[in-house]
Amino acid sequence: MAIKKFVVGSFYDEQVLFPAVKAVRKSGYKIHDVYTPFPIHGLDTAMGLRDTSLHTAGFIYGITGTSVAFSFITWAFTTDWPLNVGGKPFFSLPAWIPIMFELTVLFAAVGMVLTFCYLCQLAPFVKKDHFNLRATDDTFVMAIEVTDRTNVAEAQSFLTSLGAQDVVLTEKETGWWIGRYDKRQQLLSTDPQTAL
Amino acid sequence: MALLKYESQVRPPIVEGNKDYHQVTEDICRPVEAKPSKLWWIGFIISVALLMFGVLSVYVEVVYGTGQWNLNKTIGWGWDITNFVWWVGIGHAGTLISAILLLFRQGWRTGVNRAAEAMTIFAVMCAGQFPIFHMGRVWNAFFVLPYPNTRGPLWVNFDSPLLWDVFAISTYFTVSLLFWYAGLLPDMATLRDRAKEKWRKRFYGAAAFGWTGSTKHWQRHEALSLVLAGLSTPLVLSVHTIVSFDFATSVIPGWHTTIFPPYFVAGAVFSGFAMVQTLLLITRRVLGLQEYITTEHIEVMNKVIVLTGSIVGIAYLTELFMAWYSHVGYEWFAFKENRVNLFSPYGWSYWLMMGCNVISPQIFWFKKMRRNLTVTFFMSILVNVGMWFERFVIIVTSLYRDYLPSSWSTYYTPTIWEIGFYLGTFGLFFTCYFLFSKFFPVIAIAEIKHILKKNGDNYKQKMDVVEEEKVEEFAHAHAH
């Protein structure tokens with residue numbers, strides 16, 4: 001990934017944040033991301049993010065689980081080792097429903113959680129650069145990416161006029177790496193020439 | 001003299017006191033960041049001691065075999081399976097709170113769901129020990145898994161309820177753990193970003209998986225929580241249904257009934273809520289979280305207890321009626337002579353169950369009793385005693401007099417190692433719970449913040465008054 005420059009503003013009220021997000025998008029700035037301490041319904045729509053397809057993935061994992069259970073039990077009990085239990089049929093579907101159901105749930109849940117972690121780059125010992133440590137406490141943090149067409153001073157004053165506080169220009173790593181939170185680490189070292 | 005506001009005054013605040021977002025973080029992180037209290041250490045040491053006694057009991061059983069327990073030819077299941085069903089049942093309340101109440105959009109669940117889900121996970125861990133060690137040759141426990149083996153391969157019996165149980169319990173444990181931890185990630189990030197000490201930064205840094213709070217991540221997180229809740233809801237019903245199949249698909253009098261699945265699920269939720277009450281009444285007091293786990297929460301859970309307790313009561317009477325109405329001699333004998341007859345060897349346990357589960361919870365019809373914390377605590381213990389005896393009654397009173405009177409066993413009493421194993425699971429449960437309450441936020445911080453502006457006392461009082469008419473007058477004028 002890369003180290004990029006950002007104009008970062010902090011908000012303390014979601015009622016100020018919402019109009020600010022809309023205004024920033026309208027005026028053509030590139031919102032890198034908004035970091036919030038809890039999910040804010042509608043913020044994804046306001047930012048123009050498309051809906052997640054995680055549900056669909058979950059459905060596919062689920063039916064995979066059902067088919068795995070059904071086909072494996074069928075093969076084991078009718079082809080591989082038909083076992084005569086009190087003269088009952090080898091293909092006894094009603095008795096398999098519990099296991100088919102459990103595997104449906106298991107596959108869907110495990111698959112979805114793994115997909116979620118993959119998409120959001122979440123794993124033990126993963127380290128990322130954070131814009132504002134209070135984004136997990138009470139602050140809503142908006143980061144605007146500085147491109148070659150961005151007028152930094154204008155962006156800063158625009159954010160301030162929308163109600164943002166502590167508006168700063170920073171440089172952050174956008175990727176993730178395996179690291180420790182008790183050490184200052186970055187994936188790529190900052191070049192002193194391009195530093196602020 | 002409340003005035004009509006945007007939201008009805010009928011719904012009292014879920015978060016009391018003057019709280020804003022930062023104060024919520026402070027309050028819930030405080031017990032995690034402070035040094036453990038003396039009370040915590042005492043509780044923790046007692047739990048570890050119990051756990052050690054459990055380890056010794058299990059060691060004796062593994063080395064010398066299941067003969068160390070007083071099980072015999074007719075009573076093949078005794079304390080072990082009683083304890084198994086009891087612990088699994090307790091777990092069910094956690095999933096009900098976290099999943100079913102999420103689907104029903106019940107705001108009050110946010111105060112209690114984290115601790116209740118933790119309870120689920122620890123209870124299922126305890127439950128799993130019993131069938132595994134009851135196998136006797138526990139080193140062969142992996143035989144229950146359908147893996148390609150050198151015995152044919154000889155597959156496990158997919159038609160057997162005991163195997164369904166293996167799949168149900170292990171799926172239940174896995175899904176509960178994933179659901180719980182997915183919810184914990186944002187709160188772990190909160191603790192990580194507040195950490196001062198080096199080890200804390202490192203520990204919570206690893207545990208938070210690099211969570212940032214990005215809007216896209218929250219969107220996916222919400223989708224994940226909703227679907228996991230949707231999956232957990234039928235799952236939790238299936239788990240106790242399958243546990244009841246262990247009994248219901250056999251031809252033992254007193255077990256062979258179609259009422260078992262709903263009856264077991266209701267009983268499970270009943271005992272689970274009682275355990276949640278026991279734990280939360282202590283937790284809120286010790287950690288000073290009375291403003292988040294309010295009397296309101298306690299009252300709502302007491303309503304669930306009286307509801308499920310009454311369902312269980314109806315189930316007891318229904319199975320009694322059906323035993324008589326069916327004209328099956330064995331069935332009626334099991335109920336009349338082995339259970340209802342107070343002077344039969346185990347008659348006392350049936351009436352203890354009836355008293356604790358059906359009669360005593362009825363006091364929760366009274367609002368004063370539902371909001372009385374002492375009564376609630378006492379009742380929560382009583383319900384769990386009663387629910388333990390329910391499983392004991394089902395298992396032992398059906399088994400001790402089978403079809404052949406010559407093999408009717410003498411009175412079954414557990415050995416010290418059976419009791420020790422049970423006490424050991426208490427040790428395991430509370431050791432885990434104490435560690436959880438020390439190192440994890442016991443209340444879902446992000447979820448409380450999510451409902452704070454709607455349900456927090458602080459914000460409710462600031463809501464705009466839309467009409468000047470008094471609520472009482474409005475209600476009076478439009479009552480009929």
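**Two chains in contact: a guided reading**

Visitor: How many residues does the contact take from chain B and from chain A?
Guide: The structure shown is a predicted model. Both chains give residues to the contact, and the two counts are stated separately for each chain. The contact takes 53 residues from chain B and 56 residues from chain A.

Visitor: Which element gives the most to the side of chain B that touches chain A?
Guide: The elements of chain B that give two or more residues to this side are α1 (21–33), α5 (161–194), α6 (198–207), α7 (215–248) and α15 (445–455). By class, this side of chain B has 25 nonpolar, 17 polar and 11 charged residues. With 16 residues, the element that gives the most is α7(B).

Visitor: Is chain A a compact globule or more spread out, and why?
Guide: Chain A has five helices and six strands, in the order β-α-β-α-α-α-β-β-α-β-β along the sequence. For 196 residues the globule rule gives 16 Å, whereas the radius of gyration of chain A is 25 Å.

Visitor: What box do the C-alpha atoms of chain A fill?
Guide: The box is taken along the principal axes of the chain. Its dimensions are roughly 85 × 35 × 30 Å.

Visitor: What share of the 196 residues in chain A is buried?
Guide: A residue counts as buried if 20 or more other C-beta atoms lie within 10 Å of its own C-beta atom. In chain A, the share that is buried is 34%.

Visitor: Are α3(B) and α4(B) roughly parallel or roughly antiparallel?
Guide: The axes of α3 (residues 79–103) and α4 (residues 109–134) of chain B come within 7 Å and cross at roughly 155°. Angles over 145 degrees count as roughly antiparallel. Therefore α3(B) and α4(B) are roughly antiparallel.

Visitor: Is the crossing of α3(B) past α4(B) left-handed or right-handed?
Guide: The contact between these helices has 18 nonpolar, eight polar and three charged residues. As for its hand, the crossing of α3(B) past α4(B) is left-handed.

Notes
Residues are numbered from 1 along each chain as its sequence is written. Chains are lettered from A and ligands numbered from 1 in the order in which they are written. This is a predicted model: local features need pLDDT of at least 70, side-chain atom pairs count only at pLDDT 80 or more; totals for chains, interfaces and linings use all residues. Two residues are in contact if their C-beta atoms, placed from the backbone, lie within 7 Å. Helices (H or I, at least four residues) and strands (E, at least two) are DSSP runs, numbered from the N terminus. Ala, Val, Leu, Ile, Met, Phe, Trp, Tyr, Cys and Pro count as nonpolar, Asp, Glu, Lys and Arg as charged, and the others, Gly among them, as polar. The radius of gyration is taken over C-alpha atoms; the globule rule is 2.2 Å times the number of residues to the power 0.38. A residue is buried if 20 or more other C-beta atoms lie within 10 Å of its own, exposed if 12 or fewer, and partly exposed in between; C-beta atoms are placed from the backbone. Axes are lines fitted to C-alpha atoms, for helices over the stretch in contact, and angles run from 0 to 180 degrees between N-to-C directions. Angles under 35 degrees count as roughly parallel, over 145 as roughly antiparallel, 65 to 115 as roughly perpendicular and the rest as oblique. A crossing is left-handed if the near helix is turned anticlockwise from the far one by less than a right angle, and right-handed if clockwise.
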